[in-house]
Amino acid sequence: MASVPSLSTKVQQRLTAALSSALPEARDADPLLRRSDRADFQANGMLALAKKLKGNPRELAAQVTEGVDKAGLIQDIEVSGPGFLNITLSDEAIIATLADRYADVRLGVPTAAAAGTTVIDYAQPNVAKEMHVGHLRSAVIGDAMVQLLEFMGETVVRRHHIGDWGTQFGMLIQYLIEHPHELDHKDGAESGEEAMSNLNRLYKAARALFDSDEEFKTRARRKVVDLQAGDPETLAVWQKFVDESKIYFYSVFEKLDMEVRDPDIVGESGYNDMLQDTCKLIEESGVGVRSEGALCVFFDEYKGPDGKPTPLIVQKSDGGFGYAATDLSAIRDRVFNLKANTLLYVVDARQALHFKMVFETARRMGWLNDDVHAVQLAFGTVLGEDGKPFKTRAGKSVRLEDLLDEAVERATEVVRSKAEKVGLTEQEITENGRYVGIGAVKYADLSTSATRDYKFDLDQMVSLNGDTSVYLQYAYARIRSILRKAPEGTEPAAHPELSLAPAERALGLHLDQFAEVLAEVAASYEPHKLAAYLYQLATHLTTFYDQCPVLKADTPAQLENRLFLIDLTARTLHQGMALLGIRTPERL
């Protein structure tokens, strides 16, 4: 089915037509339509237009009111204040538009007409290291943007730029060569926890030897040279660390209910063959210059505390390559090989300066331009209840697995407390506990503007009250319960001929905004706006329940119409939550 024009779009078209008819010179004027608490919509564009044409805004508004086509859409339109237009829609128009959305599997949400290719760089853990709370936001925000952009018709290429290269591997590789059975697997598949335990044990042993044995330190440093030179034996041992780490990564991402595919994992090492060429291109173009032996790119706007320009160091004076060379090589790969129009980096806000310099360098090189652009979706810090970066009592970073396990444990307690009333089986309690716990963690992150820090408060996250995923999941489950209890033979059906109660109108008008909200979220990369929309939807639903009995409706037609409204609400909640990466259990 084709996309369904929203009610605001229809009103906008009618007002624009009336404006053009009244004043041909105002053909392209924007009526500035918005939702209002005085009516369904208010148009404020007459004030600016009258000022421009040196006319009276109330007279202009009156002309538009007389000329607007109200048939089948507008119940009432009146001039208010200095020249505002207050517009009330007909109940029939609201239900008829919602019926069109209901008939469409996509709820009337269009796919972008000019969709392109976006590479999203997110969820970037480090090989041979545990994932901690700092890895949460990139994974959760990035996954939500993948779901949203794909749903809107964009071709999305996922990239997990894992930390899989560097001098620390010399120590690990040398230790494993000398202790070859340290990463051997026992019979059967190895769990992520076992993989991380092996890596941790090996890392500590290698570090202890590196710090205490000068000869081992020398051998380890030699291995760094062998690794960077591409020695086959050294690379084979290095690959064991990458493979072992992937077992662990996949287990954590599975707990997060996220799909991570092997071809999408392209770490720092994936660009090694491009580094030399990247540096050559930058130096030969004059974009980069040698400074004390290092290849640098300078920027007038970025200066250090001493007032001197802070350069982006692409190649060190000893010939080694820094993060900048890898990131610039990745841009070349994503633009020229993957044919991306947009590069979206879901990366900590503290790396903002680095990425500004990298993007500007790529623009100077012509790799980024008016047709191909890069954006950092910067995110803030996860804080503890004390308002400081979230740490354990010992001052260490909190393990991400521990955090997720505790969230599931708390959520399972909440689910169990309601289980008897709903008649959940033990299997359903366990499954729902996982969906509610992981959903709570994701929603707490996604309902906060990405750039803001937020407090990690599990008690609040799994609360049944307030702006939480649990509240939304229970709203969905309650609708499903009502639909199951509907009299046999009664199905949800739209009845445009019925008059609507205020709570029905409010719910209907909010449902109609779903497509517009998704378009805005996809364009601005702000998933918190979708979370806010869904919370408002659940709040409208609560008011609707209080004022509009469903199963005890006055007439069969009203029963069918209210079942239709809540069924569309359920589908909208389900779709919206899925785009945030959150499950909606049928029974809670």
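In this predicted model, helix H13 carries a kink of about 30°, centred on arginine 416. The helix covers residues 400-422. At 1.5 Å a residue, its 23 residues should span 33 Å, and the end C-alpha atoms of H13 are 32 Å apart, so the two values agree. Several residues of H13 are buried, among them Leu400, Leu404, Ala411, Val415 and Ala419.

Helix H13 also contributes to a pocket: H13, helix H16 (469-485) and helix H19 (528-547) each give two or more residues to the lining of the second largest pocket. The volume of this pocket is about 660 Å³. Its lining consists of 20 residues, and Lys421, Tyr474, Ala477, Arg478 and Leu588 lie nearest the centre. H16 supplies the largest share of the lining, nine residues. The lining divides by class as follows.

| Class of lining residue, second largest pocket | Number |
|---|---|
| Nonpolar | 11 residues |
| Polar | three residues |

Aspartate 459 belongs to helix H15, which comprises residues 458-461. Is aspartate 459 buried or exposed? Its relative accessibility is 53%, and residues over 50% count as exposed, so aspartate 459 is exposed. The side chain of aspartate 459 makes a polar contact, at 2.5 Å, with the side chain of arginine 410. Aspartate 459 and alanine 411 are separated by 48 residues in sequence, while their C-alpha atoms are 9.4 Å apart in space. Alanine 411 is one of the buried residues of H13.

Methods. Residues numbered from 1 in each chain as written. Predicted model: local features only at pLDDT ≥ 70, side-chain atom pairs only at ≥ 80, totals over all residues. Heavy atoms only, no water. Helix = DSSP H or I, 4+ residues; strand = E, 2+ residues; numbered from the N terminus. Buried < 20%, exposed > 50% of the residue type's maximum accessible area, 1.4 Å probe, protein only. Polar contact = N/O pair within 3.5 Å; in protein donor to acceptor, adjacent residues only side chain to side chain. 1 Å grid on protein atoms, 1.4 Å probe; cavity = no way out; pocket = protein on both sides within 12 Å on 5 of 7 lines; lining within 4 Å. Points joined across faces, edges and corners; volume = space filled by probe spheres on them. Nonpolar A, V, L, I, M, F, W, Y, C, P; charged D, E, K, R; others polar. Expected span 1.5 Å × (residues − 1). Bend = angle between axes of the 7 residues up to and from the residue.
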